[in-house]
Structures are given as structure tokens and as C-alpha cells.
Amino acid sequence: MSELVIPVDKLSQVTIWRLEAGLAEWQTGGFDLIAVPGGIFLPPDVQTQPIAVLMADWLLQRGVPAESILVEPCSQDTFGNIRFLTEKLAEQNFVPETTELTLLSHWQHTARAALTAKAYGWQRVVTKPLRYSIGLIGFLKECVFYAVHLLDRRGDGIFAKLNRRNRTY
């Protein structure tokens, strides 16, 4: 499975592809914000800054105004991405009942993120799936993750808790 961050605190090519696609979507003018979620989920020899901060810096360097970037630097998994983004968006009056949430990521990731978003009350979820190879192992892991998301939509179960504990540095 492709890493999102490479040593030390550098965005991987996969993350850059996702950012480029997100930037292109934002530049169409149909979005109020670009949300970049993700905390520190890799060991310190790889990651010392939240991936959300690294992605926000990338967007700033390409001319996106700071006030258009919503940084969520705490999550360690997809469940946390949605949970913490929902909280941060609500602080700015973007609430699940009336706001459209657009998810852009690898196609398997958007499918499971959409399940979680609906569990957090998002009624209008649009997915913008990207297609790139994550290899056979990555594909199989994503299938397992999807099954976990089907059974545990909000990430409160034992598997999600163990995953977060294993990603705490």
C-alpha cells in the first residue's frame, strides 16, 4: 500500500496526486473550503508533523488562501478524518444536515469514507474517486478496511481502536 508520507515529513507522490486533483476541483469555484485531514500516524523517523499541516503548506505554496484551507491535524485514520472534520466544519456553520461534503481520494478510500460520513449525519456526500494502483496487498487491505467500515461505521469498535493505538507516536 502506498505511503502518504515519506521520510522525514515529505509528501509521497500518491499524496501529491491527491492534492493536485483536489486543487483542480477547488479551482473550479464550486467549493468553499479544501479540508486536509490527518495527524501523525507514522513513526518519528518518518513523520514528525501532521500530514494535514504538510498538505496545507503544499496548497499554500500553490496560491490557495489560508482562509480557504481547513486543517484537521488530529486524526489517525479515516474514522477520525470524518469525525474531526465534521466537528471543525460545524464550528464554521457547515453542518451535515445542510452542507454537501465532497470526498476526493483513492476509489476504495472514498467508498469507506462515505460510509463513515453518512454515519456522522452527512446527508449529501459526493465522492470523487481517483484511480491509481496501490498494489495487490494494498487492494486486499482496502477490502478488509471496507468490511470493517460496513460493520463499524463510526470507528468505535475494537479493530478501529487497536489500529489507532498502533498508530500513536
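What follows is a short chat about side-chain contacts and surface features in a predicted model.

Visitor: What should I know before I start?
Guide: This is a predicted model, where local features need pLDDT of at least 70, side-chain atom pairs count only at pLDDT 80 or more, and totals for chains, interfaces and linings use all residues. Residues are numbered from 1 along each chain as its sequence is written, and side-chain values use heavy atoms, with hydrogens and water left out.

Visitor: Salt bridges, then. How many does a search of the whole structure find?
Guide: Four. The rule asks for a side-chain nitrogen of Lys or Arg within 4 Å of a carboxyl oxygen of Asp or Glu.

Visitor: Which residue does Asp77 meet in a salt bridge?
Guide: Arg164, at 2.8 Å, N to O. Asp77 sits in the loop between β4 (69–72) and α3 (78–91), and Arg164 in helix α6 (residues 158–166), so the bridge ties together parts 87 residues apart in sequence. Helices here are DSSP runs of H or I with at least four residues; strands are runs of E with at least two; both are numbered from the N terminus.

Visitor: Is Asp77 buried or exposed?
Guide: Asp77 counts as buried because its relative accessibility is 8%. Buried means under 20% relative accessible area, exposed means over 50%, and partly exposed is in between, with a 1.4 Å probe and protein chains only.

Visitor: And what does Glu142 pair with?
Guide: Glu142 forms a salt bridge with Arg112, with the closest N and O atoms 2.7 Å apart. Glu142 is in helix α5 and Arg112 in helix α4, so parts 30 residues apart in sequence are tied together. Glu142 is buried, at 4% relative accessible area. Arg112 is buried too, at 7%.

Visitor: What about Arg83? Which residue is its partner?
Guide: Glu87, with the closest N and O atoms 3.6 Å apart. Arg83 and Glu87 are four residues apart in helix α3, so about one helical turn separates them. Arg83 is partly exposed, at 37% relative accessible area. Glu87 is partly exposed as well, at 41%.

Visitor: Switching to rings. How many aromatic pairs are there?
Guide: The count comes to two. In one of them, Trp107 and Phe139 are tilted, at 6.5 Å centre to centre and 45° between the planes. This pair links distant parts of the chain: Trp107 is in helix α4 (residues 107–119) and Phe139 in helix α5, 32 residues apart.

Visitor: What counts as a pair, and as tilted?
Guide: Rings of Phe, Tyr and Trp (its six-membered ring) pair if their centres lie within 6.5 Å. Planes under 30 degrees apart are stacked, over 60 edge-to-face, and the rest tilted.

Visitor: Which residues make the nonpolar surface patch?
Guide: Trp107, Leu136, Ile137, Phe139 and Leu140, covering about 490 Å². Helix α5 gives the most, with four residues. Leu136 lies in α5 and counts as exposed, at 61% relative accessibility.

Visitor: How is a patch defined?
Guide: Its residues have over 30% relative accessible area and no salt bridge. Nonpolar side chains (Val, Leu, Ile, Met, Phe, Trp, Tyr) are joined within 5 Å, and like charges within 9 Å. Areas come from the Shrake-Rupley method with a 1.4 Å probe; for residues, only the protein chains shown count as cover.

Visitor: Back to rings. What lies over the face of Tyr120?
Guide: Arg154, at 3.8 Å from the ring centre. The rule needs NZ of Lys or CZ of Arg within 6 Å of the ring centre and within 35 degrees of the ring normal.

Visitor: Where is Thr110, and what is it in contact with?
Guide: Thr110 lies in helix α4 and is buried, at 2% relative accessible area. Leaving aside neighbours within four places in sequence, Thr110 is in contact (heavy atoms within 4.5 Å) with Leu103, Leu104, Ser105, Thr127, Lys128 and Pro129.

Visitor: Last topic, backbone. What is phi of Asp9?
Guide: Near 60°, a positive value in a residue other than glycine. Asp9 is in the loop between β1 (5–6) and β2 (10–11). Asp9 is buried, at 15% relative accessible area.

Visitor: And phi of Asn93?
Guide: Near 65°, again a positive value in a residue other than glycine. Asn93 is in the loop between α3 and β5 (100–106). Asn93 is exposed, at 66% relative accessible area.
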